[in-house]
Amino acid sequence: MARRRKEEIMSDKLKVGILGGTGMVGQRFIALLENHPWFEVTTIAASPRSAGKTYEEAVGDRWKMDTPMPEAVKKIIVMNVNEVESVASQVDFVFSAVDMTKDEIKKIEEDYAKAETPVVSNNSAHRWTPDVPMVVPELNPEHMHVIEYQRKRLGTERGFIAVKPNCSIQSYAPVLTAWKEFEPTEVVATTYQAISGAGKTFKDWPEMVENIIPYIGGEEEKSEKEPLRIWGQIKDGQIVPADGPLITCQCIRVPVLNGHTAAVFVRFEKKPTKEQLIEKLNSFSGEPQRLGLPSAPKQFIRYLEEDNRPQITQDVDYENGMGISVGRLREDTLFDYKFVGLSHNTVRGAAGGAILCAELLKAQGYITRKA
């Protein structure tokens, strides 16, 4: 009787496919979705060279997560990600973490959407497609409503694409959103980004040991522009980015496995007190908290009073990697205030953020079971 009940519970879950399931972000999706209350990974698709193998065989010795590969996925036969109709027919929706060129990603994600399969993507290819929502669920959940316009363009009834933003902005865009009423006008940010953001470990990238690289291709433009799209509005069926604040950014690769740190300077139109800023951080919450979504952190942003926090070793896994840690808030001689933020780049910044987007989409009625 207990076994039958367990099977009934499992059958209630939406069937999920992972596109690009053998890479680091794909692996993170699979690790995070183990025992998820709403979603079950039933299909994994990857490049033709992995197709036909079990997932365990396809990954081989390249499993990069700290936790073991879930037993439930080891024997899944990997499908060819390019066989869209075949993959789409087996799932209710897909997460996309494919490693292709930008044009190839745009096409394949749209092909899945046109096959009436919602795509929740970790990739950057569609972040500036005007009718594709790019969402941090606590910050701009209302942007999901642009999906109705996207479906009209694609000619679909249930298929669409939604994306999450770049990992680099997660440690400061939520903070600036919490301070929105004080009207930030100018922001200078330097991000110190972990090697897992490049899909690497120290074993893969030994030259990063005791090294810093002051360049990450395309990252600074994303870090400066993507927050403006998050703060934008839907007008005439597309998302129009906000005009400000003005953001300038430098992005540096540092010898850390997980965790992006940002050192940020802010100027406000209405200068607040330090106490007001801290209160806004600690009390900030959004739709995921109101809805009690499974992956939502109970407290999205926390402020740490210690002078030497946040730290990667102590704080990167805050709220299972889904929370943001902030510290060292103080007045500045040139700007109004400066602070340090920290986020987990492959959890909140990648797979975890996309899973939270999918949970929001389910709660909003955009992701449903296929008939």
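Predicted model: local features only at pLDDT ≥ 70, side-chain atom pairs only at ≥ 80, totals over all residues.
Visitor: Which helices each supply at least two residues of the lining of the second largest pocket?

Guide: Helices α2 and α13 do. By class, that lining has 14 nonpolar, 9 polar and 5 charged residues.

Visitor: How much space lies in the largest pocket?

Guide: About 1,300 Å³. It is lined by 49 residues, and those closest to its centre are A97, V98, D99, A198 and G199.

Visitor: Which helix gives the most to the lining of the largest pocket?

Guide: Helix α2, with 4 residues. At least two residues each come from α2 (24-33), α6 (102-114), α9 (219-230) and α13. The lining divides into 16 nonpolar, 21 polar and 12 charged residues.

Visitor: Now single residues. Where does N345 lie?

Guide: In the loop between β14 (337-343) and α13 (347-363).

Visitor: Is N345 buried or exposed?

Guide: Read the relative accessibility. Buried means under 20%. N345 has 2%, so N345 counts as buried.

Visitor: What does N345 touch, not counting residues up to four places away in sequence?

Guide: C167, A194, S196, G197, N258, G259, H260 and A350. Two of these partners deserve a look at atom level. The side chains of N345 and S196 are joined by a polar contact of 2.9 Å. The N345 side chain also reaches the backbone nitrogen of G259, at 2.6 Å.

Visitor: How many Å separate the C-alpha atoms of N345 and K271?

Guide: The separation is 30 Å, and the two residues are 74 residues apart along the chain.

Visitor: Let us turn to a charged residue. Where does R151 lie, and is R151 buried or exposed?

Guide: R151 lies in helix α7, residues 147-154. Apply the same cut-off: buried is under 20%. R151 is at 11% relative accessibility, so R151 counts as buried.

Visitor: Which backbone oxygen does the side chain of R151 reach?

Guide: That of Y366, at 3.2 Å. Leaving aside neighbours within four places in sequence, R151 is in contact with T156, E157, R158, G159, F160 and Y366.

Key. Residues numbered from 1 in each chain as written. Heavy atoms only, no water. Buried < 20%, exposed > 50% of the residue type's maximum accessible area, 1.4 Å probe, protein only. Contact = heavy atoms within 4.5 Å. Polar contact = N/O pair within 3.5 Å; in protein donor to acceptor, adjacent residues only side chain to side chain. 1 Å grid on protein atoms, 1.4 Å probe; cavity = no way out; pocket = protein on both sides within 12 Å on 5 of 7 lines; lining within 4 Å. Points joined across faces, edges and corners; volume = space filled by probe spheres on them. Nonpolar A, V, L, I, M, F, W, Y, C, P; charged D, E, K, R; others polar.
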